[in-house]
Amino acid sequence: MSASNRTIDAETVEGELLAFLAERVGSPVTPEQDLFSAGLVSSMFAMQLVVHLEDSYDLEIVGPELTLEHFRSVRRMTELVLRLSAGAESDG
Amino acid sequence: MAETSGPTVLDDLAFLDELIGTGPQTWDVIGELPVELLRELGAMGLLCAEVPTRFGGLGADSRRNGELTAHIGGLCSSLRSIMTSQGIAATAVRRFGDRAQRQRYLGELTGGTLAAVGFSEPEAGSDLAAMRTRIERAGDTVTVSGEKRWVTGARYADLLLVLGRDGENAAAVLVPSDAPGVTVEPVLDPMGCRAAGHSRVLLDEVRLPASAVLGGGGHALALLFTTALSYGRMSVAWGCVGILRACLRAATAHAKVREQSGKPLAEHQLVAKHLASLFTAEQVATQACRQASERWDAAAPDMAVAAVLAKHVGATNAARSAGEAVQVLASWGAQDGHVVARAYRDAKLMEIIEGSNEISELILAEHALEHS
């Protein structure tokens, strides 16, 4: 519900995710940075990240959507959020 | 995540006492659970009670499943271990499976099919980077090779949820235990949870349809592992609450009636101190579990850490308190099969599995540092 009341566009989502990650990892993150190979995402944090995306953008990320590729960088996560939000709207 | 509000089988758990009866004492001594009972509980949805009703489950929230887990854990930690495995498998399917897999496997897991979960390997316990099991996809088949150790419940399982490397990433695959190339060797004389069917599982180029790989694979090992393990930690944590409640019950009942020097044990101050300590431990572990279940049901970002905390508080308190319960019962409880003797051995294992005390402490320390 909360998500439907505000604009979800690439710029907003990317900005929010960059801020969220910078706060959690304690240093600035760039949109294309590979979070996993840089060792920025621990196992505990990976799960938090999924829950955070689901909660912030009112999504369900399950099954094939959970591949590592979708979480590799802020840009990839932004694409995932936009794609799943669009899907949710067209579903009903 | 919970969805039911109407009456369910979970409203009154007394039927379990009747169903399970004095079995646990015998099961501990002979080292085996009656598989027909496991199937019966499984078909009632009780082995993985959080599976939503639309898949045939009971749709319990974490708190209700927790109370169920504690109830069964207070009767038999071996049986509770089977619930933990089945619940981990269901959690992994629910999160990582595609639509068809969720429909199929969650239906099976709430229909009497039994599952075990293979994480640990000879060279990789908590160190996942060392995992050697390979899940290799080629067209519409997949080949699984590797070795898993200490797989709880594998002896009874129809399905084995196996974690392995999938190229540079990770995958989880559901392997039928009767598939060619699968060997299940029960661990002889485990110290605790003796009837839980712990086994070594060998996978020798097991070929399966690609549809057995959850969500097509290519997942982050860290995510796959933490998701599955977090459920396991919640389950073990509530199971430890059950151990603590059973120990408290046995110790207080004994201390009330057994006399020493002309008065009940309970009136001896040094014994009373043990009872106070048991009561405190049970209360503290219960609160940690309730808190973690609340985080879990709210899908809070810190749910994984809350699960580690609950597991750590539960396991350390259960291990210490079980020793005190044996102390209070003395020779009355010092025989294998007795509830406190089982608790003493079972609780020690809880300090080792699903993240040892030391691993739990590392995670909690890291969390403390991040939030200081």
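Between which two helices of chain A is the loop in which F36(A) is found? F36(A) sits in the loop that joins α1 (10-25) to α2 (43-57) of chain A, where helices (H or I, at least four residues) and strands (E, at least two) are DSSP runs, numbered from the N terminus. The model is predicted, so that local features need pLDDT of at least 70 and side-chain atom pairs count only at pLDDT 80 or more, whereas totals for chains, interfaces and linings use all residues. Residues are numbered from 1 along each chain as its sequence is written, and chains are lettered from A and ligands numbered from 1 in the order in which they are written.

**View 1. The surroundings of F36(A).** F36(A) counts as partly exposed because it has 18 C-beta neighbours inside 10 Å; a residue is buried with 20 or more other C-beta atoms within 10 Å of its own, exposed with 12 or fewer, and partly exposed in between, the C-beta atoms being placed from the backbone. Leaving aside residues up to four places away in sequence, F36(A) touches V41(A), L68(A), R72(A) and, in chain B, A220(B), a contact being a pair of C-beta atoms, placed from the backbone, within 7 Å.

**View 2. The fold of chain A.** Chain A has three helices and zero strands, in the order α-α-α along the sequence. Of its 92 residues, 35% are buried.

**View 3. The side of chain B that touches chain A.** The contact takes 21 residues from chain A and 23 from chain B. On the chain B side, α5 (77-96), α7 (221-257) and α9 (303-329) each supply at least two residues, and the largest share, six residues, comes from α7(B).

Note on methods. Two residues are in contact if their C-beta atoms, placed from the backbone, lie within 7 Å.
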